[in-house]
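I opened this entry to look up a few side chains and the ring pairs. My notes follow the display.

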Amino acid sequence: TTANTKQKHTHTSSSATMAIGLVHLFESGLLLFNAAAILNERRFLRKYSLDSAVAGENLGVKNQVATFLHATRTFMRYPLVVTNILVILYEMTFG
């Protein structure tokens, strides 16, 4: 019975470690979205010609990055605020 208990305990702690790893992966992705959302167009993006995005297909990588940054700042603003609040509450609760 001791061997069965050790196997169950080992399996449980392995699952808990995996869940913590997934939470940290989610948080790191959220931090990257936050970083993309707060980039200043005039001070930072214009320096690298990423301040304006052109709509269309088969455009270069630079335009795709500019489009992604513009979409992140425009469409992801409120979902990012809500997600940040949820992550803060999660960390305060389960810390």
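I began with Ala53, which counts as partly exposed because its relative accessibility is 37%. The model I am reading is predicted. I placed Ala53 in the loop between helix H2 (41–45) and H3. Leaving aside neighbours within four places in sequence, I found Ala53 in contact with Asn63, Ala66 and Thr67. I also took the C-alpha separation of Ala53 and Ala71, which is 9.6 Å for residues 18 apart along the chain.

Next I looked up Arg73, in helix H3 (residues 61–75). Is Arg73 buried or exposed? I noted a relative accessible area of 9%, so Arg73 is buried, the cut-off being under 20%. Not counting residues up to four places away in sequence, Arg73 touches Ala36, Ala37, Leu39, Glu41 and Leu45.

Then I turned to the rings and counted 2 aromatic pairs. For Phe33 and Phe68 I have centres 6.1 Å apart and planes at 50 degrees, so I logged the pair as tilted. This pair links distant parts of the chain, with Phe33 in helix H1 (residues 2–37) and Phe68 in helix H3, 35 residues apart.

I found both Tyr90 and Phe94 in helix H4 (residues 77–94), 4 residues apart, about one turn of the helix. Tyr90 is partly exposed at 37% relative accessibility, whereas Phe94 is exposed, with a relative accessible area of 64%.

How values were computed: Residues numbered from 1 in each chain as written. Predicted model: local features only at pLDDT ≥ 70, side-chain atom pairs only at ≥ 80, totals over all residues. Heavy atoms only, no water. Helix = DSSP H or I, 4+ residues; strand = E, 2+ residues; numbered from the N terminus. Buried < 20%, exposed > 50% of the residue type's maximum accessible area, 1.4 Å probe, protein only. Contact = heavy atoms within 4.5 Å. Phe/Tyr/Trp six-rings, centres within 6.5 Å; stacked < 30°, edge-to-face > 60°.
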